[in-house]
Amino acid sequence: MSRFLQDIRLARMEANLPKRFRARDVMNACHEWSPSTCSTFMSKHCVGNLGGYRAYFRRHSEASLQSSG
């Protein structure tokens, strides 16, 4: 598991991220990650991604994601 994903899960456990969150929410909760890392990683790892990457998130709308793990 990537360190970025671990940071997201830790932020969720510590209630620093809501159940449904956006890349901006991750940037606010995990300050060490760049905006491009937050948005790129999350979009690449959504259920149904076109690249065949492992899915860690479910898209609820264009603006909201939820961790699937």
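**View 1. The largest nonpolar core has 17 residues.** Those with the most contacts inside this core are F4, I8, F21, V26, C38 and F57. A nonpolar core is a set of buried Ala, Val, Leu, Ile, Met, Phe, Trp, Tyr and Cys residues joined through side-chain atoms within 4.5 Å. Two or more residues come from each of α1, α2 (23-29) and α3 (35-44). Helix α1 gives the largest share, 4 residues. The model is predicted: local features need pLDDT of at least 70, side-chain atom pairs count only at pLDDT 80 or more, and totals for chains, interfaces and linings use all residues. Residues are numbered from 1 along each chain as its sequence is written, and side-chain values use heavy atoms, leaving out hydrogens and water.

**View 2. Helix α1 spans residues 3-13.** Helices are DSSP runs (H or I, at least four residues), numbered from the N terminus. Buried here are F4, L5, D7, I8 and A11. Buried means under 20% relative accessible area, exposed over 50% (1.4 Å probe, protein chains only). Down the axis of α1, the buried residues fall within an arc of 160°, so they line one face of the helix. The arc is taken from the directions from helix axis to C-beta atoms. The face turned away carries exposed R3 and M13.

**View 3. D7 is buried yet has no salt bridge.** A salt bridge needs a side-chain nitrogen of Lys or Arg within 4 Å of a carboxyl oxygen of Asp or Glu. The nearest side chain of opposite charge, R3, is 4.3 Å away. Lys and Arg count as positive, Asp and Glu as negative; His and the chain ends are not counted.
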